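Here is a short briefing to read alongside the model. Have the viewer open and follow the points one by one.

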Amino acid sequence: MAGHDKTKPFHPGASAVEQFGWLRAHRFLLLRRLCQAGVIGLFLLGPLAGIWIVKGNIASSLTLEFLPLTDPYILLQSIFARHWPEATGFIGAAIVLVFYLLVGGRAYCSWVCPINPVTDAAAWLRRRLRVTSKTSLHRNFRYWILGLTLVLGTATGMMMWEPVNPVTTVFRGLVFGMATATWLVLLAIFLFDTFLARRGWCGHLCPVGAFYSLPGLVSPVRVSAVQRDRCDNCMDCYAVCPEPQVISPALKPKGSNDKGPMIVSPNCTNCGRCIDVCSKDVFAFRIRHPGHSPSHHQQPATTTEVSS
Amino acid sequence: MSETDRTYGPAALAGASEGTGGVSRRRFLTGIAGTACSVALLGMGLTLYSRSASTTAPNAIRPPGALDEDGFLASCVRCGLCVRDCPYDTLKLAQLGEAVAASGTPYFIAREIPCEMCDPIYCVLACPTGALDPALTDIDEARMGLAVVVDQETCLAFQGMRCEVCFHVCPVKGDAITLEQRHDRRTGVTSSFVPVVHSDACTGCGKCEHACITEEAAIKVMPTHLAKGHLGEHYRFGWIEQQRAGGEMLAPYDKEHEFHLPEGVRYEWFGEGLIIDDPGVPAEPPPADPIDTLNEGLEGLDGGTR
């Protein structure tokens, strides 16, 4: 195994930078930061510059006085809390759901969510400080929390995640004004991810991500280890991946378990960071053809290149 | 498969989706128990927190059309679209940690900026979920809260002064706030005109509280459940029931009530009320010129007569 020198700071992606240059080895990272900043920027144009393209916040918004968008998880919380929302809410949630059904559910996490830069920063610092604390949290714990927020909603008649949801609280804070408590929540998540659990928040606890992973079960846009035979086991993709358990079945399948090079786990966030850091150009975005059995994936005709 | 054992090494390469054949029974059971306990604890924590963080301050008023507080916390997605469409910057979103209302939900403080009662009701139209009930189309029907004259000791009108500012700024003037003429017992001769709020017309917009000229408002708008009393289902007002029954009392008068009344005075049940049988000296009609009444008994004094 071509592991890294444990005595030196670990820089995943260094060889990709060497190979392709800094910009190409960070293209999806940069695009994601641009996208995240762009989403917040669109919401801030109104209050800061008086240009009202988008109103509201990430929970529910109105674009150009015409297009309603609503977070389907929040709407679901509302329904479970025994409130039947108005049509506008349903239409908005349906549009959002269809969008993430196409681009990969957890693309929300890596391209839109305001917590992502914070947990990415924590993961970076954790690598630099070589923190190796292990968590006893299971990656499926977030699905328990997801279920809990919905069931408790019915029991109490209140939305149960929104009072504490850091995703919407932080986004709302950015658009409507940050409270001290909101900064503290961000700091808590940062410290938790840095010192207590690797990718602890997004990878184990957050029910928003758990919810958005569900449309990812069928969404066509996927990362695929198309050139996995070129992998030299440098482990850079595992190091940067927020959900490293999704890589192995595609990249290093064990014998009969080979279901092809496409990463099919709904918890892949489509962040594209593995594509960035791979100096062997193993990964690429591909389209998963609907109705196609994953066991037939090996024929090149079943995938369509959307990115190299 | 447990996350704790996964590293970047060969264990990771082994794959994530293989069966649990390698996991011992003990680890499987402790895993299940641990998850169940964590979920239960988390559920308790979430419930306690949401309950404690969902109380609204007495001066925090919900926008027009807001469902009752329970319904509101089930339906408001905290998007702030009502805030954005409020033309007067009345509405604000509660911030995390602010002990005014549930985090992210809209409210206003009437003393700072009251509701201007727009027509059409922009905030209600903006709400995507129905947390602000779209059935509310006439702003006069809104019941955001209820104004209460909370301090008669500082309300200028109660001191006999002609203030009446709350009455004049009231958007449903004459219905929600009326002025009631009262004898001013301090001066003994003048009247005071005190504001009286009527809950059947008050929308809770808070313009009265905003306009109250005292340092701390003597009239305040509060959430209706704090401001409004409730008689109790068993309680009936006899005279209202009498009206409803077409003038008949529900129970017959089978017994004359005994009162400790002065001699020659009796009480008549069927509408007459107090009857003084023999007034003795017949009352004289008052003199035409009121000055004569004032000067009564002063006739003999110097300058007392003209």
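In this predicted model, chain A holds an open sheet of three strands, in the order 1-2-3 and with antiparallel pairing. Strand 1 (54–57) and strand 3 (67–70) of chain A are the edge strands; each has a single partner strand, so one side of each has no neighbour in the sheet. From one strand to the next, the twist averages 10°.

**How the strands pair**

- Strands of a sheet are held together in pairs by backbone hydrogen bonds, in either a parallel or an antiparallel arrangement.
- Strand 1 and strand 2 of chain A run antiparallel and are joined by four bridges.
- A hairpin of two residues leads from strand 1 to strand 2 of chain A.

- How do helix 8 (residues 166–176) and helix 9 (residues 180–196) of chain A cross? Their axes come within 10 Å, at an angle of roughly 135°.
- Angles over 145 degrees would count as roughly antiparallel and 65 to 115 as roughly perpendicular, so helix 8 and helix 9 of chain A are classed as oblique to each other.
- The crossing of helix 8 and helix 9 of chain A is left-handed.
- On the helix 8 side of chain A, the residues that meet helix 9 are A:Pro166, A:Thr169, A:Val170 and A:Gly173.
- Their counterparts in helix 9 of chain A are A:Thr182, A:Val185, A:Leu186 and A:Ile189.

**The whole chain**

- Chain A has 14 helices and five strands.
- The radius of gyration of chain A is 20 Å, close to the 19 Å that the globule rule gives for 308 residues, so chain A is as compact as a globular protein of that length.
- Along the principal axes, the C-alpha atoms of chain A fill a box of roughly 55 × 45 × 40 Å.
- Of the 308 residues in chain A, 50% are buried.
- Taking contacts in chain A between residues at least 6 apart in sequence, 73% join residues at least 24 apart.

Conventions. Residues are numbered from 1 along each chain as its sequence is written. Chains are lettered from A and ligands numbered from 1 in the order in which they are written. This is a predicted model: local features need pLDDT of at least 70, side-chain atom pairs count only at pLDDT 80 or more; totals for chains, interfaces and linings use all residues. Two strands pair if DSSP finds at least two bridges between them. Axes are lines fitted to C-alpha atoms, for helices over the stretch in contact, and angles run from 0 to 180 degrees between N-to-C directions. The radius of gyration is taken over C-alpha atoms; the globule rule is 2.2 Å times the number of residues to the power 0.38. A residue is buried if 20 or more other C-beta atoms lie within 10 Å of its own, exposed if 12 or fewer, and partly exposed in between; C-beta atoms are placed from the backbone. Two residues are in contact if their C-beta atoms, placed from the backbone, lie within 7 Å. Angles under 35 degrees count as roughly parallel, over 145 as roughly antiparallel, 65 to 115 as roughly perpendicular and the rest as oblique. A crossing is left-handed if the near helix is turned anticlockwise from the far one by less than a right angle, and right-handed if clockwise.
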